[in-house]
Amino acid sequence: MGFLIRLAITAVALWITTLIVPGVEVSGRSGADDALTLVVVALIFGVVNAVLKPLIKVVGCVFYLLTLGLFALVVNALLFLLTDAIAGALDLPFQVDGFWAAFWGAIVMAVVTWLISVVLPDRLEAR
């Protein structure tokens, strides 16, 4: 159940990102097509972050220290671009137009995901 909640939070954050950040777009044929695309791209984004981000943190820890963590913004933008490339390879109607759109998109995604996570509880208590 927790996985589905996290996936829904990421999909909603991705949808809000497409509304706020110019250059991050979902261009499906219908609202249902857009919603399905957002869920699949959220899944791709989650897998990319779960697999690659820890490896990048270990390998690039010196850069994180030298830049006082600002290197994380670049890494997040590149992971967002990688998500776009994978979505494009899967023929999904999701586009990120360049590094700066990915940079701002990753920041908006992080903030919106955090805000939604603060509002929603981590676990639904059984009563």
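**Questions about helices and burial**

Guide: Within helix H1, the buried residues are Leu7, Ile9, Thr10, Ala11, Ala13, Leu14, Thr17 and Thr18. The model is predicted, so local features need pLDDT of at least 70 and side-chain atom pairs count only at pLDDT 80 or more, while totals for chains, interfaces and linings use all residues. Residues are numbered from 1 along each chain as its sequence is written, and side-chain values use heavy atoms, with hydrogens and water left out.

Visitor: What makes a residue such as Val108 count as buried?

Guide: Buried means under 20% relative accessible area, exposed means over 50%, and partly exposed lies in between (1.4 Å probe, protein chains only). Val108 has a relative accessible area of 16%, and therefore it is buried. Val108 belongs to helix H5; helices (H or I, at least four residues) and strands (E, at least two) are DSSP runs, numbered from the N terminus.

Visitor: Which residues does Val108 touch, not counting those up to four places away in sequence?

Guide: Val108 touches Thr17, Ile20 and Val21, where contact means heavy atoms within 4.5 Å.

Visitor: Why does Leu68 count as exposed?

Guide: Its relative accessibility is 78%, so Leu68 counts as exposed. Leu68 lies in the loop between helix H3 (61-66) and H4, and has a positive phi of about 55 degrees although it is not a glycine. Most residues other than glycine have a negative phi.

Visitor: How do you know whether Asp91 is buried or exposed?

Guide: With a relative accessible area of 69%, Asp91 is exposed. Asp91 is placed in the loop between H4 and E2, and its phi is positive, about 65 degrees.

Visitor: How do you know whether the span of helix H1 agrees with its 19 residues?

Guide: The expected span is 1.5 Å times one less than the number of residues. For the 19 residues of H1 (residues 2-20) this gives 27 Å, and the end C-alpha atoms are 27 Å apart, which agrees.

Visitor: What is the angle at which helices H4 and H5 pack?

Guide: Helix H4 (residues 71-89) and H5 pack at about 105 degrees, with axes 8 Å apart. The axes are lines fitted to C-alpha atoms, for helices over the stretch in contact, and angles run from 0 to 180 degrees between N-to-C directions. Angles under 35 degrees count as roughly parallel, over 145 as roughly antiparallel, 65 to 115 as roughly perpendicular and the rest as oblique. Therefore H4 is roughly perpendicular to H5.
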